[in-house]
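Subject: Structure for your files, with notes

Dear colleague,

Here is the structure for you to look over. My notes on it follow below.

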Amino acid sequence: RRTTRRMLGFVRKTIPTQSKWPSWIAIVVLMATVFYFNMTIFLPQENIPVTPKPIDDSKLPLMEKIKRDIQFVILTTGQAGFQKEKLPFLFDTWLQGYEDIIHIVSDTDDNTDKTGRVLPGFVNSLKEGCKDVDRHWGLICKNRMYLRRWMELPEMKQKKWFFRVMDDTYIHMENLYDYVSKLDHTVPMAIGDRWCHSGGWTYPSGGPGILFSRGFIDKFDLDRWEKTPSKWNSGDDDVSWGGYIKDSGVILTHHHGISQTPPYRGGQPTNAWADMQNKQVWDLPFRPVAWHMEGHSDLMPRLHGEMAKINFTNTAAPSAMKPNLECQCFPKVYHRCVPFESSLTSCKDGAWLPTCFVG
């Protein structure tokens, strides 16, 4: 009311009493003035950009950070029965709560496991032209399927990291995020358990999984991938990955915590983990991220329980190693290129590789 009175007084002063203007014009001017005043002062302006408040990442729950930044694909091998038997162990352990950030590339229309659970992100590779899916050769075709989705799907554009795993891979989610959060996802990177091929090049062993950065996926060349198996004479997808990575000029980064050696067999770094179970403290300069269970997915619940007991928060850096020379291998010898003990410079089978720590 006060505003209206002020406006009315302004109009009376502006329009003399003896004016020839009809009184209704004065009223119209008054109403228009009041309306404009209210619209410009009291109503929100849609054309004024609003700067969103930055999200405090430290207050975001770990699960939400992982869902925001990482995408998984699970490649199945063998018949549908393998899928039904092995996948429940993943969903009952490390995949609990993360069902909406995975794709599953399988060989059947049956998208359920043995418990009747409907598997999320399910794709039948046979319908997209893959053949020999019950063999490792079929994995090469499956790689193409999920890579195209990672490159093209709008919901994938904000992802920073992409993890290709198998249907018997175990992942420690907290340790995985702790590792990738220290890296620049815009740099092309391929990370895994670095093995030596008899042909003289290195490749990331496929069992524990291969981790790719956003920068790697953004520059991925599907045409080059199609030619890789024949060029490098390989029917295994992980060996083909070694050839593709070499051709692309990206250095394959080795991580001790991504291990082809399953935790029940011994070896590196499994023996160290077994020794530390009673301590419930991990005092090595890296955190375990992924293990290949080699078909023994039934041991995942026990492993998952043991991992939950160990405090990883004080693990010393560095947690990864990067090679500075190519592998020198004997013919027909496949082995882990980088020895677990950082002081060693030779593998037990005779191959030699100097290495250096990277932060």
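Two strands are taken as paired if DSSP finds at least two bridges between them. Helices (H or I, at least four residues) and strands (E, at least two) are DSSP runs, numbered from the N terminus. The model is predicted, so to speak of its limits: local features need pLDDT of at least 70 and side-chain atom pairs count only at pLDDT 80 or more, while totals for chains, interfaces and linings use all residues. Residues are numbered from 1 along each chain as its sequence is written, and side-chain values use heavy atoms, with hydrogens and water left out.

Strands

β4 runs parallel to β1, and six bridges join the two. Within β4, R164 stands opposite V73. β4 also pairs with strand β9 (residues 210-213), here in the antiparallel sense and over four bridges. F212 in β9 is the bridge partner of F162.

Six of the six residues of β4 are buried; buried means under 20% relative accessible area, exposed over 50%, and partly exposed in between (1.4 Å probe, protein chains only). In a regular strand the side chains alternate between the two faces of the sheet. In β4, W161, F163 and V165 point one way, F162, R164 and M166 point the other way, and all are buried.

Nonpolar cores

A nonpolar core is a set of buried Ala, Val, Leu, Ile, Met, Phe, Trp, Tyr and Cys residues joined through side-chain atoms within 4.5 Å. The largest one has 41 residues, and F72, W94, F163 and L176 touch the most other members. At least two residues of this core come from each of β1 (70-75), α4 (80-91), β2 (102-106), β4 (161-166), β5 (169-171), α6 (173-180), β12 (290-292) and α11 (300-309). α6 gives the largest share, five residues.

α6 is itself mostly covered, with six of its eight residues buried. These are M173, N175, L176, Y177, Y179 and V180.

What does W94 touch, leaving out residues up to four places away in sequence? With contact meaning heavy atoms within 4.5 Å, W94 touches F72, V165, T169, Y170, I171, M173, M300 and H304.

Salt bridges

A salt bridge is a side-chain nitrogen of Lys or Arg within 4 Å of a carboxyl oxygen of Asp or Glu. The structure holds 16 of them.

K67 and D100 form one, with the closest N and O atoms 3.8 Å apart. K67 is in helix α3 (residues 62-69) and D100 in the loop between α4 and β2, so this pair ties together parts that are 33 residues apart in sequence. D100 counts as exposed, at 57% relative accessibility.

D92 and R117 meet in another, at 3.3 Å from N to O. D92 lies in the loop between α4 and β2 and R117 in the loop between β2 and β3 (122-124), so parts 25 residues apart in sequence are tied together. D92 is partly exposed at 42% relative accessibility, and R117 is partly exposed at 26%.

K231 and D247 also form a salt bridge, their closest N and O atoms being 3.1 Å apart. Since K231 lies in helix α8 (residues 222-231) and D247 in helix α9 (residues 237-248), the pair ties together parts that are 16 residues apart in sequence. K231 is exposed at 56% relative accessibility, whereas D247 is partly exposed at 28%.

Finally, E174, D178, K182 and R287 are linked in a network of salt bridges.

Regards
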